[in-house]
Every structure is written in C-alpha cells, then in structure tokens.
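Dear colleague,

Here is the structure I promised to pass on, with the sequence alongside. My notes follow it.

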Amino acid sequence: MSHLTAWPVFLPLITGFFLIIAHMGGIRLQRSISFLATLGLVVLSFFLVSASMSVDHHVYLLGNWEAPFGIVLVLDKLSALMVIITSILAVGALWYAITTKTDEKGAHFHILFQLQLFGLNGAFLTGDVFNLFVFFEVLLLASYGLLLHGSGRLRTKAGLHYVVINLIGSTLFLFAVGALYGVLGTLNMADMAAKIAAAPSDDLGLIAAAGLLLLVVFGVKAAMFPLYLWMPRAYANTSAPVAALFAIMTKVGIYAIIRVHGTIFSDEAGDLAHFYTPWVLGLGLVTLLFAALGVMAAHGLREQVAYLVLASVATLLIGVGLNSPEALSATLYYLIHSTLIAGGMFLLADLVLRGRGAYEDRFESGPFMPGAIVIGSIFMFGAIAMTGMPPLSGFFGKVLILNAALDSSWFAWVISTVLIAGLLMILSVARSGSLIFYKTLSQEAGSGSSAVGEPLNRMAFVAVIGLFLASPVLVIFAQPITAFTDLTATQLFNSADYIQAVLSTEAVATTATVVEIKP
Amino acid sequence: MEWLISLSIGVLTATGIYLTLRARTFPVVMGLTLLAYAVNIFLFAMGRLTIGLPAVIDKYATSAVQYSDPLPQALVLTAIVIAFGMTAFLIVLALKARGELDNDHVDGVEDKPATSTVKQEVK
C-alpha cells in the first residue's frame, strides 16, 4: 500500500494550513507557496497517472481499517485523470489570479483556493459515499468563499442563490445516502454494489428511488436540466480565475454519476443494472437544447461562456447516458477538452472585459480595444474549440461521441440534437466575436466616452494560451490519449474488479501490541 | 414510536420545503434549518429504532444483536456539524445581501413597488 494515493488529498490541505500562517508574511509569500504547491500537485498527478497504468486499483485504507469498516481512498485511471485535469486547470487559474492581482481583493483567496483543491481531489479519490458527501461539503464551502471573493452586488445575489440551492442539494444527498444505508447497511461503494446484487426484490424499489435521488443531487452539481438555473449567473458574475476553476466543478457532478451510479448499478446489480441511464440521456438532450438557446440569448461574453460550459456538460451527460465503453471513452476525452478550454474561455472573457472599459463584456459595439487583434485571434481559436469545429479537439470529442451513439436506439435524437445545438452555438459565438472585435466604433465616437480599457496584461494572457494549448495537444496526441480513455472506460465497465480490489485489500500488519483491558 | 418519528420527519420536511420556497431570506434560512433537522432524524431512524441498547458492543452483550447501530450516530454528528457551519455562513451571506441590495428579497428586487414609495415619502 503506497502513500501516493493519499498525497493529492493532503498536499492542498497542508498547504492551506501553511498559508494561514503565511498570511502574516504578506501576499508575496502566500503567492509563492500557493503556486509552488499547485505546481507540485501537477507533478504528483503525473505520478498518479503512471501508477494507475501499472496497477489497476490502488486501495488506501485510511486509519488502516479494512473496507467496508473503514473509509478507503481508491486510485484508478478515472481518479488519476480527474486529478490531473484539476491540477492543470488550477495552475492556469492561479497564474491568472496572481498576474492580474485578483487575489488581493480579499484576504484569504489562496487558502480557499487550496481547500477547494483539497475537496475536489478528495471527492475524486474516495471510495465511500458518505465520505464523498463530506468532500462535497468541503469543496462547496471553499467555493462559496471563492465565488463571493472580491464582492459586488451581482456577485452577492448570484452567490445567495448558489449557496441555497447547494444546501438543498446537500440535504437531498443525506436523504439518499440515509435511505441506501437503511436498506443495504453499508456506505462503501464496492460493498454497496455487492449488497445490491444480493438484495431481496422487495427492496429494489426503495434502492432505485434512493439512486434516482442521488442522481438529482449530482444533477444539481452538474447543472442538469431542470436544475441548471443557478449556474450561468453564478459563473458569469464571479471573478475570472474562480470561474475558470469552477469549470471543473460541474464535471464533479458528471464524475460522481460515473463513479457512484456506474459502480453501484453496474452489470452486477441484477434488475437495477444501468436503470438510470435513460434518465441521464434524456435530460442531457434537453439540457443541450436549453444551453444552446441560452448561448443565443446571452447578453454578455461571460454569460455566453457559462452557457457554453452548460452545453459541454450536456454533451457529457449524453455520453454517459449512451452507456457503452466506447461512449464513455469518448466522454472522458471530451471532458478533458471541455474543462481546460472552458477555463481558458472564462479567463479570455475577463481580458476582453478589462480591455473594453465601461463597455465591459456586453455585446455592443465599443471602441477599438487595446490588443484586439491578438485577443480576437485567440478568441476565434477558443470559439472553434469550444463549439466543436474542426480541426481542434472539440470536433474530435463530438465525433467520437456521435460515433459511439450509432449503435444506440436513441441515435436519431442524439445526432439531431447535438448537430442543431452545435449550429446554434457556432452562429451565436460568431455573432458575439464580430460584435466585440470587428464592428468597433470609430475613434471620434469612441474617444468621447470614458470607455478606455486597460492595455492587455501579457503575463495574464500566458494563462489563457497555456490552457488553450490543451486543444492542439489533445489533437496531436489523440492516439495515446484515447488509448488511455479506452482503458479507463473498460476498467469502469468491469466493476467486478473494483469491488474485488476494495474488499480484498488487507490492513497493513502493525507492530503495536494489543493491550487487553481487564474488566 | 415509529409513527411519531415518521410524522415528525414528515412535518419537518414539509415545513422546511414550504419555508425554503418563500421569497425572503430569513424564512429560507429557517426552512433549510428545518430540513437539516428532518434529515438528521431520518438518518437516525435508518439505523433502526432501538431502546436502551448500548451504542457499541460491550462485554455484557451475549449476542451481536444487543447493540444499536453506531454508524448513523456518527453520520448524524457529521451532518449536524456541517449543517451548523453552512447555516452560519448563509446567515452572514443573507445579512450581506440585505446590506448590499437594500432589501431581504432572495432576488434582490422588491416585488411590491408600494413599499418603496412609502420609504421615499418618509425620507
């Protein structure tokens, strides 16, 4: 049992504690500690990926208690993949926050940032449903602080909605977990899966109800229709680095559906095997349509990007709902792409907002902004990737998902919805690009107003380019990356191995002597 | 005892949902608190209702049946602590919203224009 599995959880937590002390040393010290720790997390997550390639499941028994009696951390290919995406996105977001001095607008940005990473990595690695709830709360509480960072009227308003809906989600999570525990008598995912296979048929209805309630909870996190209304406003009104980091937050919901539902209601589950997938697929299709309409109706660039994130979540839901190893592999490829590009788009939208001064990111013709040619070209690059046009990675991800949909009975619905939504998104993003970058006011008209934005922050721009570089990398190295996602999907569908690995891991022999207490 | 527990969970949940759907922040906070109470009792009941049994196996127990399930108690404890923290945070946020948006409506807009004119008259 190597301790490597536990490090991505504990590194951000320990860093967070040090940052509280480093608060006395000023912002520079905090910045360097926070950034170095996040870089360390990237290095660590590369080790995790290679470790997940060599052994199928690394099971880490917390407190050396055997499953199902203790809490386990499980590292498999999906966990490793999620941790590496999170850490790369975090480096980009943190670099942007430091270079634009966003982190100075409140006292504890870096501490909250690290605790957010702690919650995210914990949620990706845990093998226990209640522990997943606890890590959800950790990442949510950190996200409340980050969302409100810098404050402002709109931010407070959107933040209130975000907090309330997530508190309701937490309550539903507890109801679902409680009901599952009442029926199955365990909270360890592997053990739950084993118990469901042996459950009496009288209990199946109750288990299915609790499973669907869990789907609602994860749907709130993933912003699934009809539970997405909180999301565009919250993402559009928060500060840019936070919005970029939140690009992974909706994917936590997707991850939880793949992990929890995929493990508990796998092929082993008898009558309940994969009973949730039609719901995920159907709601994914509806979400995609509403997201495309939202992209068209958006008033500003940040709101539009938020709806584009919603569209990518919907595409992922469709991929999960198709429920085949090929579809899941395509989903994971698209997940890597959409998370990193969405993060970059949020940062880019903030650069546009800064460059246009009083016009902010609204879709109206403003004066020629400083650095418009560079920003505009990069915007076009991001828009092509985000809307899924060739030759960038969004296109390949969509083709892979549609290809996997060919065998499904929902084929006609999936392909028509994805293509129509794609067309609507391409049209509206093209319109917003031309309004912001092409149709600028003449110098005389523009100079009259106070609309002179700040010049392009080159250091911050590096973060955008760095995150966008993921797209060509995903295309050039498509072969090894899809090979990895194929392996991941096969592993996830072969959940018997997961169950066996978790339940058969034995505690490490200790040298401590057992003290017998005499009555 | 079963019907009493289930009735109280039901009433707490119903009241909680009703209050959460109100338009002012204070009832919403109250509603979320009631929902948290309901879920705590629910978690307790999921360990099966027992009377007068120790929470952990003790040396006098003659069989493994003679103890109440300790896990739900740990779950409830965790849930209470988290709900506590979240409610405290929400109250502070609601106060902040009240200060910044000048009213306690959850959308930050007063739905009755009459009240604002009254305020202006007072000024």
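B:Asp102 counts as exposed at 54% relative accessibility, where exposed means over 50% relative accessible area, buried means under 20% and partly exposed is in between, all with a 1.4 Å probe and protein chains only. Its phi is positive, about 65 degrees, although B:Asp102 is not a glycine, and the residue is found in the loop between helix H3 (70-101) and helix H4 (113-122) of chain B. Helices here are DSSP runs of H or I with at least four residues, strands are runs of E with at least two, and both are numbered from the N terminus.

Please keep in mind that this is a predicted model, in which local features need pLDDT of at least 70 and side-chain atom pairs count only at pLDDT 80 or more, while totals for chains, interfaces and linings use all residues. Residues are numbered from 1 along each chain as its sequence is written, chains are lettered from A and ligands numbered from 1 in the order in which they are written, and side-chain values use heavy atoms, with hydrogens and water left out.

A second residue with positive phi is A:His274, which is not a glycine either and has phi near 55 degrees. A:His274 lies in the loop between H11 and helix H12 (277-297) of chain A and, with a relative accessible area of 15%, is buried.

Residues 24 or more positions apart account for 52% of the chain B contacts with a separation of 6 or more, a contact meaning heavy atoms within 4.5 Å. B:Met30 has its place in helix H2 (residues 25-46) of chain B and is partly exposed, at 36% relative accessible area. The C-alpha atoms of B:Met30 and B:Leu53, which are 23 residues apart along the chain, are separated by 34 Å.

Chain A has 22 helices and two strands, and its C-alpha trace spans about 90 × 60 × 40 Å along the principal axes. For 519 residues a compact globule would have a radius of gyration near 24 Å, and the 23 Å of chain A agrees with that; the radius is taken over C-alpha atoms, and the globule rule is 2.2 Å times the number of residues to the power 0.38. Buried residues make up 62% of the 519 residues in chain A, and 80% of its contacts with a separation of 6 or more are between residues 24 or more positions apart.

The residues of the contact of H15(A) with H17(A) divide into eight nonpolar, four polar and no charged. Helix H5 (residues 129-147) and helix H6 (residues 153-184) of chain A pack at about 175 degrees, with axes 11 Å apart, which makes H5(A) roughly antiparallel to H6(A). Their contact has 14 nonpolar, four polar and two charged residues.

Finally, two peptide bonds in chain A deserve a look. The bond from A:Phe225 to A:Pro226 is cis, with omega near 0 degrees, and A:Pro226 lies in the loop between H8 and helix H9 (230-237) of chain A. The bond from A:Pro390 to A:Pro391 is also cis, with omega near 10 degrees, and A:Pro391 is found in the loop between helix H15 (372-387) and helix H16 (393-405) of chain A.

How values were computed
Nonpolar A, V, L, I, M, F, W, Y, C, P; charged D, E, K, R; others polar. Axes fitted to C-alpha atoms, helices over the stretch in contact; angles between N-to-C directions. Parallel < 35°, antiparallel > 145°, perpendicular 65-115°, else oblique.
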